[in-house]
Every structure is written in structure tokens, then in C-alpha cells.
Amino acid sequence: MYRPARVPSTRILNPYIVCFVVTAVVVILAVTIALLVYFLAFEQKSYFYHSSFQILNVKYSDELNSPATQVYKSLSGRIESMITKTLKESNLRNQFVRAHVVKLRQAGSGVIADTVMKFKFPRNNHGASMKTRIESILHQMLNNFGNLEINSSTEITQMTDQDTVHMFTQECGARSDLMTLSTERVVGGSDAAEGDWPWQVSLQWNNIHHCGGILISKTWILTAAHCFRRDSDPRKWIATFGISLTFPKQRMRVKTILTHKNYNSITHENDIAVVKLATDVDFTKNIHSVCLPVATQNISPGSTAYVTGWGSQKYGGYTVKDLQQGRVNIISNEVCNEPFSYNGAVLPAMLCAGVPYGGVDACQGDSGGPLVQEDSRQLWFLVGIVSWGDRCGLPDKPGVYTRVTAYRDWITEQTGI
């Protein structure tokens, strides 16, 4: 008997199910295509451009060597304001984000302002055409630059994100928000994020964190003299960089330790030292130097500052493994020397910072670390070095810091910076 193959029975699909499936597929495809079109045509991407504006009628002077001077801030601000005004009044007003003068440098007897500009364009825009539009607008601006005479042959070049970061890290005091020319910055909480305080250093004695330090160049670290009361043999010290003590980003040997010759361990006077590294630090987005103030820089009582370190979170406690940050306010020496506070122990070359009722303060293990402030151009300056205090976080007993402005000449004598 033959066994013919069995033919499966035919089932008729429910037309409502077929309709639903087809509709769902069409909707998914439509949404996908719409999102793709939006992403390509409307989603905006950040673009950075660099221009070196040659200023012909401003003579270069020593005051333009440092971003801390009022002359530097004033000239940079004028250039940034003119660029901003011009672009905000142009047909690129909605694409322009911000301009920042990264560096002023000498060109003959004149000045060159290396400037970075940030724009946001849809991803489908061609970079070359955008460059041409920006150049055209800037060339119009050069003919109307107020009382600044600018070389009319100024050109701009598009920068990669890496180029932008490199330019900023070669100068002092920039954090990630400035490198991306962000218009917003929020500092909150006690935990620091990678790159928040790129100048923070851990100075370790026999591979154990002992003090904080502040990176002021690729070779030099600023810290407190009292950190080396136990041992000043550089062969026993190393410096690490990054927010984690457990997993540092870089690790360097110490070559030289120079403490202030007039340091007084009883009065805490002249509590300052510099450390020279055996090799240069590799500057990155997350590791580079802070700006030093000029000797005449004003540090206003009541102004905001930040102290950072791996110190213990209570008096008598242990150091922590991840970098901590604290927001404090500058306190005048007069208030700090009141009988209920330090009763005259705070000397002119010292600086107080804390909060009214205590609770936020440097503590054991933070010694030698930075107290920093931000200026109007989003650059960060070192104003104090963690030195001493009555325990930690007590009301009317703020942290006392070495006042950096009082030692600018000493720092230059030791380091050339």
C-alpha cells in the first residue's frame, strides 16, 4: 500500500490580527525613520573653532603673563564680549554658544589672543561651510572692534574635542566645564568626580597617604611644610594623581623637597613647601595645574571657596580612599582672631575659611591640600594651603590656611613660576 505524504491542513488567519500586525510594523518603521531623520537633520552637535586674534595696538607687558592680573582679565573680557556681541547679532545667534580667550601671548610688541569658540549645528551640516560663515562674520567684526585694532587676515580652524582639551590643559585653572565651554556648573555633595579638581595631589610617605598637595606645573607641587616634620627624605615620598588613592591615574617619584626656612611649628608661621617631581606629569583633562594668584589679589570675606582632600571625616578618624570636597566661606582675620575663635593666633600670612556653625572643614590628612576660588572667567585660583585648626568642623573654629598671596615671591624664587 502506498503511503502518500500528508498534506497539512490550511488555516485561515484572523484578518483582525493580520491588520494589527501590519499596522504595528508600519508604525514602528515610521517612528524609526522619523527619529533617524530628526537625528540627522535637527539633533545638534557641538563644534569648536580656534582663532588667533592679533591685536596690533596693545603692547605686550609682563602683566599679560598671568591670567590672575586685572590687565589680563580686562583684555580677555573685552575680546570675548566683542566676539559674543557680534555673533549674537548675526544669523548664527542661535548656533553660537560661547567664546573664551585661552591664552594671551606676545607677537613682536603686540598681543595674540588664542581664542576658542563653541557652536552647535545640526549633524548634517558641513563643517567647511560653517567655517566659512563664521569667518565671514568675524571679518566684518574686525572692522568694528571698538578701540582694539585687529589684524584683518585672521583665520579660524575647526578643532577636535581632543585639540580643545589639549589647548586648555596647557594653561592653568580650567576644569571640564570650561573645556567644553559649558554655560552651567553645579558643585554639590561631598564626593568629588574625576576631573573636578585636576590639580589635587596625594603625597605619600612609604606608600601611605600622608598629605595633600597642589599641582602648579608639570614639575612642581605646592604643599605645607609641616607635612615633612617626620621625614623630608625625597626618596621615601611619591605623588599620585586622580581622585582615588586605590587606583591613581598617575604615580610619580619625588626628586626634591624644599620647605620654608623660617617655618615655625609652634606658631604655624610660614607653613609652606614645594616638591619637585623626578619626571614631568602628563597633563590630561583630569590632571593639570591650578592658577596661582598675584600677590595683590583680593580675597573677600564671605566669598565662596572649596577645600578638597582625602582627610578623615571626623576628628581622630581615618583618611578616605576617594577624594572629598567641601564648600566654605572666607572669614576675615579680624573675626577669626576674636576671643571666642582663635584669639589672635591667626597671623597676617594666614587665611581662615569655614561655615558659620561648623561641620564643613579640612581635617587630618588634608594638610597641604588646596583651598581654591573661581574667578569671573571660570578659572580656578589657589588662595590657601591647608595648615592647621582646632580639631575639625567645630563652630567658631574654622580651618586656617597658609595665605598663598603672601608667598608669591617665595614660590617664584623656588620654582620660577
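Which strands do the buried residues of α7 pack against? The legends below take up this question and others for a predicted model.

**Figure 1. Helix α7 and its packing partners.**
The buried residues of α7 pack against β7 (220-223), β9 (250-259) and β10 (273-277). Four residues of α7 are buried: Arg 408, Trp 410, Ile 411 and Thr 415. Viewed down the axis of α7, these buried residues fall within an arc of 160°, so they line one face of the helix. The face turned away from the buried side carries Asp 409 and Glu 413, both exposed. Gly 416 follows α7. The phi of Gly 416 is positive, near 80°.

**Figure 2. Helix α4 and its buried face.**
Helix α4 covers residues 161-169. Thr 164, Phe 168 and Thr 169 are buried in α4. Down the axis of α4, the buried residues fall within an arc of 125°, so they line one face of the helix.

**Figure 3. The largest pocket.**
The largest pocket holds about 650 Å³ of space. Its lining counts 32 residues. Closest to the centre of the largest pocket are Asn 65, Ser 66, Pro 67, Cys 172 and Ile 417. Two elements, β2 (96-107) and α7 (408-415), each supply at least two lining residues. Strand β2 gives the largest share, with five residues. What is the make-up of the lining of the largest pocket, in nonpolar, polar and charged residues? It divides into 20 nonpolar, seven polar and five charged residues.

**Figure 4. The second largest pocket.**
The second largest pocket has a volume of about 350 Å³. Of its 20 lining residues, Ser 312, Gln 313, Gly 359, Val 360 and Asp 361 are the closest to the centre. Strands β11 (304-309) and β12 (324-331) are the elements that give two or more residues to this lining. Strand β12 gives the most, with four residues. The lining of the second largest pocket divides into five nonpolar, eleven polar and four charged residues.

**Figure 5. The cavity.**
How many cavities of 30 Å³ or more does a search of the whole structure find? The search finds one. About 50 Å³ of space lies in the largest cavity.

**Figure 6. Trp 197 and Trp 199.**
The structure has ten aromatic pairs. One of them joins Trp 197 and Trp 199. Their ring centres lie 6.3 Å apart, with 65° between the planes, and the pair is edge-to-face. Are these two residues buried or exposed? Trp 197 and Trp 199 are both buried.

**Figure 7. Tyr 342 and Trp 388.**
The ring centres of Tyr 342 and Trp 388 are 5.0 Å apart and their planes stand at 65°, so the pair is edge-to-face. Tyr 342 lies in the loop between α6 (333-336) and β13 (350-354), and Trp 388 lies in strand β15 (residues 380-388), so the pair ties together parts that are 46 residues apart in sequence. Why does Tyr 342 count as buried? Tyr 342 counts as buried because its relative accessibility is 8%, and buried means under 20%. Trp 388, at 16% relative accessibility, also counts as buried.

**Figure 8. An aromatic cluster.**
Which residues form one aromatic cluster with Tyr 47? The cluster is made of Tyr 47, Tyr 49, Phe 96, Phe 119 and Phe 121.

**Figure 9. The whole chain, for orientation.**
The protein chain has seven helices and 16 strands. Of its 417 residues, 48% count as buried. Take the contacts in the protein chain between residues at least 6 apart in sequence: 69% of them join residues at least 24 apart.

Terms used. Residues are numbered from 1 along each chain as its sequence is written. This is a predicted model: local features need pLDDT of at least 70, side-chain atom pairs count only at pLDDT 80 or more; totals for chains, interfaces and linings use all residues. Side-chain values use heavy atoms; hydrogens and water are left out. On a 1 Å grid over the protein atoms alone, a cavity is a set of points where a 1.4 Å probe fits but cannot get out, and a pocket is an open set with protein on both sides within 12 Å along at least five of seven lines; lining residues have an atom within 4 Å of a point. Grid points are joined across faces, edges and corners, and a volume is the space filled by probe spheres set on the points. Ala, Val, Leu, Ile, Met, Phe, Trp, Tyr, Cys and Pro count as nonpolar, Asp, Glu, Lys and Arg as charged, and the others, Gly among them, as polar. Buried means under 20% relative accessible area, exposed over 50%, partly exposed in between (1.4 Å probe, protein chains only). The arc is that of the directions from the helix axis to the C-beta atoms. Contact means heavy atoms within 4.5 Å. Rings of Phe, Tyr and Trp (its six-membered ring) pair if their centres lie within 6.5 Å; planes under 30 degrees apart count as stacked, over 60 as edge-to-face and the rest as tilted.
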